[in-house]
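This briefing is intended to be read alongside the sequence and the 3D structure. Please keep both in view while working through the points that follow.

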Amino acid sequence: IEETKDQEKAEDKVGTFMEGPYEAKDVSKILKTEKWVPIKRFPVLQNNKLRPCDDGAQSGLNSTTSRKEKLVCSSVDHIAALIRMWRFLMPQEEIGGWALDEKKAYRQIPILPSHRKYAVVAVVDPKSGRYKYFLMNSHSFGFTSAVYNYNRRPLSLQYILVKIFRVPTDFYFDDRFGFEPRGSIRSSFDTTKKVYQILGVLAEDSKAQGPEKNFDEPEILGVLFDLKEMMIRIK
């Protein structure tokens, strides 16, 4: 757990997602108020990796969040329907797939400076046993607001990529993907990466599935789409 915290802290500081560690008095001085709410951070084991989660429920933060919109994103059913449509429209063409995954997706979405007093993360210093505090500059895994505020960006990207660049793509939160005839996969993949770069969206290159990698069997949403046998395989 300590190693994971150290790694997370180093990555956060590089990306300016988080600032600290601070003592309580330093937090009050930076925020210019003593009315700030600490949030407990705890580890969640996910895919053999400890993922830091900030408890927005226990702190009361999530109960103050209002939601006036519905989440819009794709699903395995939508992907299957898209593949079937391609087969119907162009039965002679071989279909391939590509995928991009954003890096620390929620962390790329900033919070209002006036809201930072509700996003102070508290952790126990393993050396001194005392609480140390970090100030979040962006949304965190554990905030209800992060889900809704983040999802507006891939929805906007969807409009740009489909309406302007004519890329047949869809998304599920930070997972961006596309299925189409193999001859145009390279163009769609490169165009999407370039749009990401122009707009400042950070992508996880190590997780990319593109023209040279897994285009016959892309894994999306934890599901393997076997485009040779036209089968959906649960891993």
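In this predicted model, Phe143 touches Ile39, Asp54, Leu61, Asn62 and Ala119, with residues up to four places away in sequence not counted. Phe143 is also among the residues that touch the most other members of the largest nonpolar core. The points below begin with that core and then turn to other parts of the protein.

**The largest nonpolar core**

- The largest nonpolar core has 16 residues, and those touching the most other members are Met18, Ala119, Val121, Phe134, Met136, Phe143 and Tyr150.
- Strand S5 (120–124), strand S6 (131–136) and H4 are the elements that each give two or more residues to this core.
- Met136 is found in strand S6, and Met136 is buried, with a relative accessible area of 0%.
- Once neighbours within four places in sequence are set aside, the contacts of Met136 are Phe17, Met18, Arg41, Asp54, Arg107, Ile111, Arg116, Ala119 and Val121.
- Met136 and Val120 are 16 residues apart along the chain, and 6.2 Å separates their C-alpha atoms.

**Helix H3**

- Helix H3 covers residues 76–89, which makes 14 residues. From its first C-alpha to its last, H3 reaches 20 Å, close to the 20 Å expected at 1.5 Å a residue.
- Which residues of H3 are buried? They are Ile79, Ile83 and Trp86.
- On the face of H3 turned away from its buried side are the exposed residues Asp77, Arg84, Phe88 and Leu89.

**Gln158 in helix H4**

- Gln158 lies in helix H4, which runs over residues 144–164.
- Is Gln158 buried or exposed? Its relative accessible area is 17%, and Gln158 therefore counts as buried, the cut-off being under 20%.
- Leaving out residues up to four places away in sequence, Gln158 touches Lys163, Thr169, Asp170, Phe171 and Arg176.

**Cysteines**

- A disulfide is a covalent bond between the sulfur atoms of two cysteines.
- How many disulfides does the structure hold? The number is zero.
- For Cys53, the closest cysteine sulfur is in Cys73, and a bond is ruled out because the distance of 19 Å is too far.
- Cys73 is likewise in no disulfide, with the sulfur of Cys53 as its nearest cysteine sulfur at 19 Å.
- Cys53 is buried, with a relative accessible area of 11%, whereas Cys73 is partly exposed, with a relative accessible area of 26%.

**The protein as a whole**

- The protein has five helices and eleven strands.
- Its C-alpha trace spans about 70 × 35 × 30 Å along the principal axes.
- Of the 235 residues of the protein, 40% count as buried.
- Among contacts with a separation of 6 or more, 67% are between residues 24 or more positions apart.
- The protein exposes about 14,000 Å², and carbon and sulfur atoms supply 53% of this area.

Note on methods: Residues numbered from 1 in each chain as written. Predicted model: local features only at pLDDT ≥ 70, side-chain atom pairs only at ≥ 80, totals over all residues. Heavy atoms only, no water. Helix = DSSP H or I, 4+ residues; strand = E, 2+ residues; numbered from the N terminus. Expected span 1.5 Å × (residues − 1). Buried < 20%, exposed > 50% of the residue type's maximum accessible area, 1.4 Å probe, protein only. Disulfide = S-S within 2.5 Å. Contact = heavy atoms within 4.5 Å. Areas by Shrake-Rupley, 256 points an atom, 1.4 Å probe, with all protein chains shown as cover. Core = buried A, V, L, I, M, F, W, Y, C linked by side-chain atoms within 4.5 Å.
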